[in-house]
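Take a walk through this protein model.

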Amino acid sequence: MRNPYAAAYVAGAVGTGALGLLVTVRNAWLGHPPPYAARNIARHVLSRLFRRKLSRHEASQWAFALRAGYGPLLGMGWGLVRVRTAKWTLLHSGVLLGLGVLAFERAAFPVFKATTFANTWSRAEHVWLFAQTALFGVVTEATMRWLVKEEEPALQGSAG
């Protein structure tokens, strides 16, 4: 892919798609969506913004919209800084991205009053947040590597 921003956007979207698959497993394991589930965040934040309580259906629709924008934007941010980790293994680089997302979310959730306080979450909810951010990071980085690798032979072939 020639445009690095487009590659990063696509990688973030693929990472978000993988996360969507994990959400079903996470919710079944926990027996409920955790406080940081996208629909809960949408309900908390947007209910305040719109000055009315969102219905469950509205919150689910907004959650989809939030994920559709948030994941690709995270991918684009990663695309800007990942040059420094290009020589690292996929796992190391991907988990670093995941930890960055985790740190950002742990800092942003309280600021935006998007979730209940983290000290009220169960241990399992904390573990699942780490797992989902790590999965997002590894899948996003793997996709970036694949998109960049696909471009390398074409670039080398045109040099001669």
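Helices (H or I, at least four residues) and strands (E, at least two) are DSSP runs, numbered from the N terminus. Read along the sequence, the pattern is α-α-α-α-α. That gives 5 helices and 0 strands. This is a predicted model, where local features need pLDDT of at least 70, side-chain atom pairs count only at pLDDT 80 or more, and totals for chains, interfaces and linings use all residues. Residues are numbered from 1 along each chain as its sequence is written, and side-chain values use heavy atoms, with hydrogens and water left out.

Now the overall form. The C-alpha trace spans about 60 × 30 × 25 Å along its principal axes. Take contacts (heavy atoms within 4.5 Å). Of those between residues at least 6 apart in sequence, 72% join residues at least 24 apart.

Next, the pocket. A pocket is an open set of points on a 1 Å grid over the protein atoms alone, where a 1.4 Å probe fits, with protein on both sides within 12 Å along at least five of seven lines; lining residues have an atom within 4 Å of a point. Which residues lie nearest the centre of the largest pocket? They are Ala38, Ile41, Leu66, Arg67 and Tyr70, out of 32 lining residues. Helix 1 (4-30), helix 2 (38-50), helix 3 (56-81), helix 4 (90-111) and helix 5 (123-159) each supply at least two residues of this lining. Helix 3 gives the most, with 8 residues.
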